[in-house]
Amino acid sequence: MDPPPQANMLNSMYQLWVLGALDNIGDLTPIGRKMSEFPMEPSMAKMLIQSRVLPPEGAHGGVRRRAGKFNVPESDHLTLLNVFNQWKAHGFRDDWCMRHFLHPKLLRKAREVRAQLEDIMKFQKMEIISAGTDFDVIRKAITAGYFHQAARVKGIGEFVNIRTGLPTHLHPTSALYGLGYTPTYVVYHELILTSKEYMTQVTAVDAYWLAELGSVFYSVKEKNFDERGNRRKADREFSKRAELETEMARQREESAKKAQEEALAVQTSSGSSQNIIVPGTPRHTGVGAGARVTATPRRRVGI
């Protein structure tokens with residue numbers, strides 16, 4: 001089996017660093033260790049850890065809904081959450097799903113995945129809090145996991161990726177498509193390329209959330225904003241933090257090396273003490289397991 005390309009490895013490590021799972025020298029952070037316990041993509045794991053809110057993961061991708069029946073205008077994610085909550089309120093019944101053109105098998109799978117994630121969070125001693133109807137809390141949690149996939153409005157239904165500047169569009173199945181207004185900033189789950197590049201699973205977010213949770217990429221320009229000065233200050237802080245982490249890693253390596261050398265010295269000294277021959281004690285006269293053992297010969301005294 002061939003190893004993965006180095007470019008893919010570096011890109012994956014960069015994505016983990018952006019999400020805060022790796023520090024500046026490539027070691028796992030505390031939040032990265034928690035993320036590694038979840039059998040899901042890192043962005044979703046970060047979203048769950050940041051929010052402590054347990055949404056129904058796994059429902060997307062196969063839910064067919066009547067137009068406008070369950071739509072939440074701010075978010076496709078909240079629309080899926082609304083579908084799950086309505087199904088729960090009606091006793092998880094299959095006939096209710098069929099009546100509303102929903103796939104009961106996929107919703108049952110979402111329920112199983114939710115129970116599995118809940119068990120993992122309890123094992124990690126993470127408190128689970130329900131957001132209730134406070135959708136801003138959920139949208140902010142989604143921003144924490146997908147801030148690196150953000151877009152800014154350019155026209156009706158048309159956006160540009162904030163990081164790359166490439167044009168992208170709302171998918172016609174999105175809850176945000178065809179609204180009377182278009183949100184200024186959105187985050188998306190993935191891109192689909194057909195005749196155009198479409199965003200799927202889109203959620204409207206606030207610009208300040210992007211600056212707060214994705215400060216690696218974004219900042220908010222206020223009045224009389226000194227961009228160069230703030231950039232230099234941020235670069236100095238980043239360099240100082242990187243130097244500190246590098247120094248801590250070097251000290252850990254030196255401590256481990258010193259402990260290893262001390263253990264080796266103790267082992268060597270104990271081994272050499274066993275090879276000392278004391279006069280008057282039996283010694284081997286031959287080589288091998290069958291060698292005869294004799295006592296030290298006594299000196300003859302002449303008359």
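This is a predicted model: local features need pLDDT of at least 70, side-chain atom pairs count only at pLDDT 80 or more; totals for chains, interfaces and linings use all residues.
A polar contact is a pair of N or O atoms within 3.5 Å, where one must be able to donate a hydrogen and the other to accept it.

Find Asp 23 in the loop that runs between helix H1 (6-18) and helix H2 (30-35). What does its side chain reach? The side chain of Asp 23 comes to 2.8 Å from the backbone nitrogen of Asp 27. Leaving aside residues up to four places away in sequence, Asp 23 also touches Trp 17, Thr 29 and Glu 245. Asp 23 is buried, yet it has no salt bridge. The nearest side chain of opposite charge belongs to Arg 252 and is 5.6 Å away, while a salt bridge needs the nitrogen and oxygen within 4 Å.

Now let us turn to the helices. Two packed helices are described by the angle between their axes and the distance between the axes. Helix H4 (residues 76-89) packs against helix H6 (residues 104-123) at an angle of about 95°, and the two axes are 11 Å apart. H4 and H6 are therefore roughly perpendicular to each other. Where they meet, H4 brings Val 83, Phe 84 and Trp 87, and H6 brings Leu 107, Arg 108, Ala 110, Arg 111 and Arg 114.

Glu 74 counts as partly exposed, at 27% relative accessibility, whereas Arg 139 counts as buried, at 10%. These two residues also belong to a network of salt bridges that includes Asp 136.

Another salt bridge links Glu 212 and Lys 140, whose closest N and O atoms are 3.2 Å apart. Because Glu 212 lies in helix H8 (residues 207-213) and Lys 140 in helix H7, the pair ties together parts that are 72 residues apart in sequence. Glu 212 is partly exposed, with a relative accessible area of 49%, and Lys 140 is partly exposed at 29%.

Finally, look within helix H6. Lys 122 and Glu 118 meet there in a salt bridge at 3.6 Å, N to O. Being four residues apart in the helix, they are separated by about one helical turn. Lys 122 counts as exposed, at 52% relative accessibility, while Glu 118 is partly exposed, at 23%.

Terms used:
Residues are numbered from 1 along each chain as its sequence is written. Side-chain values use heavy atoms; hydrogens and water are left out. Helices (H or I, at least four residues) and strands (E, at least two) are DSSP runs, numbered from the N terminus. Buried means under 20% relative accessible area, exposed over 50%, partly exposed in between (1.4 Å probe, protein chains only). Lys and Arg count as positive and Asp and Glu as negative; His and the chain ends are not counted. Contact means heavy atoms within 4.5 Å. Axes are lines fitted to C-alpha atoms, for helices over the stretch in contact, and angles run from 0 to 180 degrees between N-to-C directions. Angles under 35 degrees count as roughly parallel, over 145 as roughly antiparallel, 65 to 115 as roughly perpendicular and the rest as oblique.
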